[in-house]
Amino acid sequence: MRILSGIQPSGALHLGNYFGMMKPSIELQEQGEAFYFIADYHSMTSLFDAEQRRRNTHEVALDFLACGLDPKRAVFFRQSDVPEVCELTWILGTLTPMGLLERCHSFKDKAARGIPVNSGLFTYPVLMAADILIYDSNVVPVGQDQKQHVEVTRDIAIKFNQAYGDTFVIPEPRIRGDVAKVPGIDGEKMSKSYGNTIEIFGSEKTLRKKVMSIKMDSRPPEEPKPDADQNLAVQLLRVINPEAGATFEEQLRTGGLGYGDLKKRLFEAYWEYFAKAREKRAELEANPDYVNQVLADGAAKARTKARDVLQRARKACGLE
Ligand code: ADP
Ligand code: TRP
């Protein structure tokens, strides 16, 4: 089984990224041949600062390795080190109906928020399809918001196979229901673009402040809260530590637990959860050569596979 996923270097990674995509991916690396990459080509649709992209790419590599991606088990690489995906993107684009892309939420949401839409952003799902298909991927672990893109990939692959004969493996999204949509500190989906994130790594002071800034209602501690399951701190705690989440939800429901205390518990659970990863990250930070070598080795392996599949596709459609 080939498992594949990618993440954009568009900013510091947060709890939504971790529980929605990174943790499931890291767990899956035990179960098959995993390919994970940093989607720097994709980041070009919304980030226009070269130095920032370089820095973010390195940071994402540190974050992912610190959180447990094991380069001995998984192939870890930078998307742009395999430029073959760009050729496959062109080939797939010729079989992609405009209507299919026009229906994609990610592009519609950005357009609706007044973000200027470049053609790269519009055809983003075709590049994502090429990422997935070029490695014969079977399973794609992602958060809920990426499900539609994997479905688009399936449609494109089926179309290609019908037009030119059986060429591509049809992939499946793998979405963990319990953490498909981790809420941010404002209750909306946690996302870099909404400014509502709790980062995986950062200074204790800043992160504590963020957690303590989660808005609560004005009911006093002693008042029982029958809607305790709707409480944002409880929801986040449930994601980080389900047992603690259940305990504090119950205390809130019965009455007697103040919101300040609850947020403190949330911060402690979160800080404790990433303690080992923080240590690992500090080690990696001091060793950039190692990190670069991991990405270079990963790129070489990924590229060998990509060349193979691209050649299969080129032959199928009459380019060779
Ligand atoms: P962002 O919305 O912060 O820009 P990305 O779009 O880069 O995040 O997402 C990277 C991965 O993390 C994707 O697989 C996405 O589905 C997952 N992800 C992002 N935010 C969340 C969230 N709040 N809950 C669950 N998964 C998420
Ligand atoms: N679009 C994904 C995101 O923003 C990143 C990505 C690019 C990806 N190519 C992929 C994810 C292929 C899974 C498979 O999160």
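Let me begin with a contact at ligand 1: one of its nitrogen atoms has a backbone N or O atom of Met-190 at 2.9 Å. This is a polar contact, meaning a pair of N or O atoms within 3.5 Å.

Please note that the model is predicted, so local features need pLDDT of at least 70, side-chain atom pairs count only at pLDDT 80 or more, and totals for chains, interfaces and linings use all residues. Residues are numbered from 1 along each chain as its sequence is written, chains are lettered from A and ligands numbered from 1 in the order in which they are written, and side-chain values use heavy atoms, with hydrogens and water left out.

I stay with ligand 1. A nitrogen atom of this ligand is also 3.2 Å from a backbone N or O atom of Gly-16. The side chain of His-14 places an N or O atom 2.7 Å from an oxygen atom of the ligand. Around ligand 1 there are 18 residues, and His-14, Asp-145, Val-182, Ser-191 and Lys-192 come nearest; a residue counts here if one of its heavy atoms lies within 4 Å. How much of ligand 1 does the protein cover? On its own the ligand has 540 Å² of accessible area, and the protein covers 93% of that, by the Shrake-Rupley method with a 1.4 Å probe.

I turn to ligand 2. It is surrounded by 14 residues, the closest being Gln-8, Tyr-124, Met-128, Asp-131 and Gln-146. The side chain of Tyr-124 has an N or O atom 2.6 Å from a nitrogen atom of the ligand. For Asp-131, a polar side-chain atom is 2.7 Å from a nitrogen atom of ligand 2. The protein covers 91% of the 370 Å² of accessible area that ligand 2 has on its own.

Finally, the helices. Two packed helices are described by the angle between their axes and the distance between the axes. Helix 4, residues 84-93, and helix 8, residues 124-133, pack at about 115 degrees with axes 8 Å apart. Helices here are DSSP runs (H or I, at least four residues), numbered from the N terminus; axes are lines fitted to C-alpha atoms over the stretch in contact, and angles run from 0 to 180 degrees between N-to-C directions.

Terms used: Helices (H or I, at least four residues) and strands (E, at least two) are DSSP runs, numbered from the N terminus. A polar contact is a pair of N or O atoms within 3.5 Å; within protein, one must be able to donate a hydrogen and the other to accept it, and residues adjacent in sequence count only if both atoms are side-chain atoms.
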